[in-house]
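User: I would like to go through this model in questions and answers. Please keep each answer brief and end on the value or name asked for.

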Amino acid sequence: MASIAIQSARKAYGAVEVLHGVSIDIPDGEFIILVGPSGCGKSTLLRMIAGLESITGGDIAIGGQVVNDLPPKARDIAMVFQSYALYPHMTVAENMGFSLKLAKRPKSEIEGKAKVAADILGLQPLLSRRPAQLSGGQRQRVAMGRAIVRDPAVFLFDEPLSNLDAQLRVQMRAEIKALHQRLRTTTVYVTHDQVEAMTMADRIVVMHDGHVEQVGVPLDLFDRPTNLFVAGFIGSPSMNLIEGQVEVSDGVVTFGSGTLAVRLDPGRAGLAGRDVVLGFRPEHVTLEAAGGPGSFTAEVVVVEPTGSETLLNLKAGERTLLALFRERLDIAPGETATLAVDPARIHLFDRSSGIRIE
């Protein structure tokens, strides 16, 4: 196993720079996830770690050794791709042991390591099958097994679950996390799915337009997003974000935006007159029986029941909002709901910079 140190890493294709001085330290044994929208540079950074993309500037070190100029095979890494990339004419056992065969390792060692990987991944009954005889989830396990037999210092995963259906994605998330807890190999995992990131990572790196926006444990990013981008990206459904101004009247601190007014914590009085963006998560909205201090009304536009939850699409004045309730509601589109948000659950961001206001 090994730590990874990325210092001021840059990547440019001609005049187009796609990574702008990214720096991340990944301790030995950590499971870290790079997450962000398409085009943010996360897969490019992963391929730079693997040696599949050259480095325009900065350094990448694995286990204390700078690997900028080392070929992939000399970096002691194993990569699992979005496409399974299995050899169709080989059996599961042959696919998993192929890299060891190329390295001219003894047959007994190849068979032994393939068996160990099969035991870990539940592939024992499938060792004699070929890829065409496997399901998508089984093929992904074989791709993971091929990485395990190499016993690398670092595992790299490039959106490995994007080709699977929803049920298999949930199952494979748990299996990959359990695999890491068993092997404790340093793992860098790329995904655009922030739910994957929240449920699997020791730490998350949120990327946007070639920059690192925030690095932290999942719940820190959820509870204390550093800026508007992270606030809107982390969480499903996403945070409600509304532009307005902080107001103080008779000692009561409120946020106003057109016809929408929300009560704030008294400690926010020093922000009076400041233009801000207010954020609150849909699950932090409560239904009120009657209008009270800090409550507001909104028209129900769409009701989305899932059985265990109810998601409401709402319209408050000209603002569209989401509210998520962990219960079934007897409410219909067109009705008016009285809502409130706990001031302690409200986030404020500077309107011009987008930075969180503590």
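User: Which residues in helix 2 are buried?

Analyst: The model is a predicted one. Helix 2 covers residues 92–102, and a residue counts as buried under 20% relative accessible area. Helix 3 and helix 4 (136–148) are included in what covers the buried residues of helix 2. Those buried residues are Val92, Asn95, Met96, Gly97, Phe98 and Leu100.

User: What is the relative accessible area of Asp209, which has a positive phi although it is not a glycine?

Analyst: Asp209 sits in the loop between strand 9 (203–208) and strand 10 (211–216). Its phi is about 50°. Asp209 is classed as partly exposed, because its relative accessible area is 48%.

User: Why is helix 1 described as largely enclosed by the rest of the structure?

Analyst: Helix 1 runs over residues 42–50. The buried residues in helix 1 are Lys42, Thr44, Leu45, Leu46, Met48, Ile49 and Ala50. Helix 1 is largely enclosed because the buried residues number seven of the nine.

User: Which residue follows helix 1, and what is its phi?

Analyst: Helix 1 ends at residue 50. The residue that follows is Gly51, and its phi is positive, near 90°.

User: Which residues have the most contacts inside the largest nonpolar core?

Analyst: The largest nonpolar core has 44 residues. Helix 3 (residues 107–121) gives the largest share of this core, six residues. Met96, which is among the buried residues of helix 2, is one of those with the most contacts inside the core.

User: Which feature does UniProt place at residues 4–234?

Analyst: Over residues 4–234 the chain is 37% helix and 26% strand. The end C-alpha atoms of that stretch are 25 Å apart. The unreviewed UniProt entry gives the feature as "domain: ABC transporter".

User: What share of the contacts with a separation of 6 or more comes from residues 24 or more positions apart?

Analyst: The chain has eight helices and 20 strands, and 48% of its 358 residues count as buried. The C-alpha trace spans about 80 × 45 × 35 Å along its principal axes. For residues 24 or more positions apart, the share of those contacts is 65%.

User: How far apart are the mean positions of the positive and negative charges of the chain?

Analyst: The chain has 36 positive and 41 negative charges. Their mean positions are apart by 10 Å.

How values were computed: Residues numbered from 1 in each chain as written. Predicted model: local features only at pLDDT ≥ 70, side-chain atom pairs only at ≥ 80, totals over all residues. Heavy atoms only, no water. UniProt positions renumbered as here; feature names shortened; annotations may be inferred. Helix = DSSP H or I, 4+ residues; strand = E, 2+ residues; numbered from the N terminus. Buried < 20%, exposed > 50% of the residue type's maximum accessible area, 1.4 Å probe, protein only. Contact = heavy atoms within 4.5 Å. Lys, Arg positive; Asp, Glu negative; His and termini not counted. Charge placed at Lys NZ, Arg CZ, Asp CG, Glu CD. Core = buried A, V, L, I, M, F, W, Y, C linked by side-chain atoms within 4.5 Å.
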